Amino acid sequence: MQTNASRRVFLSALAAGAGGLVLTGSTLPSAARSRSLRQDPFTLGVASGEPTSGGVVLWTRLALDPTAPDGLGGMPPRAVDVQWQVASDERFSAVVRSGTASARPAGAHSVHVEVDGLQPGREYFYRFKADGQVSPVARTRTAPEGMTPFTFAVAACAHWEHGFYTAYRRIAEQEPDLVVHLGDYIYEYQPQGYTALGGSVREHAGNKCQTLADYRIRHAQYKTDRDLQAAHRAAPWLVAFDDHEIENNWAGPVSSTEAPDFGERRARAFQAYYENMPLRRASLPRGAAMRINRRVAWGTMAGFHLLDTRQFRDDQACEDGDRAGCDERLADGRTILGAQQRRWLLDGLAASGARWNMIGQQVLMAQRDYKAGPGTELNMDSWDGYPADRTRLLEGVRASGAANPVVLTGDAHMHHAADLRPDFDDPDSPRVAVELVTSSISSDGDGYRDAARVAQIMRENPHISYMDQRRGFIVCKVSEEEMRAEFRTLDYISRRGAPAKTSARFTIPSGHAQLNA
């Protein structure tokens, strides 16, 4: 097992922002030093994801010049052999798995290694080597087999221009066992194409994302951020895209900007997304289709059911946006999940033996009425634009008998904690689950605390227990008896170094779909 002393060495290097424990070329065998790239190719960092009880996915993408105009990171037009190692200690005195993968130009020199044969519930360290260069060392973890308590973080929405990624650094400092990212990992806009209230602190490279090169450049630019790299080095991730990885508020085959080649654009965006994420081959895109709905077990303690609320949805009602009196949204046949995905989820919940069932998805599920007094004003991109599908889902969740369903959500750019009921207008409608919505990492810039506005919205929506417009993330601590959710906030991101503080805590007791403050 990892000693406390050696663990402190790794965490100290992580906190310093120096890229982990970087080993010099002199530690490599002479054969590995024989052909050298002209500089460090690991400028985009390393990552792991998709943990099982016996393995994990390791990722890196080689880039000498991350924002080179052709999207290929300034790499030579040849395949590069990339060695990988997994060890039980961060100094690699006990290497337990190793091999070589080929980073090819067709995949933007990305590498996805599906490691198996590891021990369950264990911490491991990994690194890559290429042409005499060595990557930072990073930490990962396999899932346990039994009922083991664990901690995970929930994050979403990180617009590069709107602020610094301090929240990612604060996630790394929490030392979670797992990070769940629920979309808007990148934003597709041209430079200064979507400005925050306080302006921008940095600028997008390249153009509005439309070509494969555009998307590759955008992912590469985001990946150069040291705080994001630290969060990836700290723990394995589960990722799912939302809209901005492709285009704002796209819906199935429908482009929000009426792009004539939207299917082709989706295919390009999906390819770049896969190239830049620690995903398994099961998520490899097939043209304009990519599977991200999947299940990941964390022993018998928790099952993560990740959903896709973009590819299978109907177009937003009433031309999208916040709308009052939109009858179109009420049509019974409208769907946000698609019948096949909804059945996949409900069948999985019915078969689940996990103590906790985490449903990770992208847009606010709870009803949120913005209008004071009679009538409603609702957002058409969220589940409020698909209420019949929401009722079908929540009734199905209740009928499944799955233990302790908890919905995890991104997109909203503000924290929420809410009860979920099949009928939000009926106070006697049963509580089926709770929803925890994370604020953004940076999107919309420095947050604020409008107490009067929050109070007004919560009066209109008594099922919502908490809201906060500041930037942040959620830390969840899970045991057999309860799940504790800490909503962490940062007062500013327009400059670096903001501390994170816990602005609200809720406990969800096992067997009770309720939020206890």
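A pocket is an open set of points on a 1 Å grid over the protein atoms alone, where a 1.4 Å probe fits and protein lies on both sides within 12 Å along at least five of seven lines. A volume is the space filled by probe spheres set on the points, which are joined across faces, edges and corners. The model is predicted: local features need pLDDT of at least 70 and side-chain atom pairs pLDDT 80 or more, while totals for chains, interfaces and linings use all residues. Residues are numbered from 1 along each chain as its sequence is written, and side-chain values use heavy atoms, without hydrogens and water.

**Largest pocket**

- The largest pocket has a volume of about 640 Å³.
- Its lining (residues with an atom within 4 Å of a point) consists of 30 residues, and R368, D411, A412, H413 and D444 lie nearest the centre.

**Cysteines**

- The structure contains 1 disulfide, a disulfide being a pair of cysteine sulfur atoms within 2.5 Å.
- This bond joins C318 to C326, with an S to S distance of 1.9 Å, and is right-handed, at 95° about the S-S bond.
- C326 is buried at 6% relative accessible area, whereas C318 is partly exposed at 22% (buried means under 20%, exposed over 50%, partly exposed in between, with a 1.4 Å probe and protein chains only).
- C157 is buried at 0%, and its sulfur is too far for a bond because the closest cysteine sulfur, in C476, is 16 Å away.
- C476 is likewise in no disulfide and is buried, at 0%.
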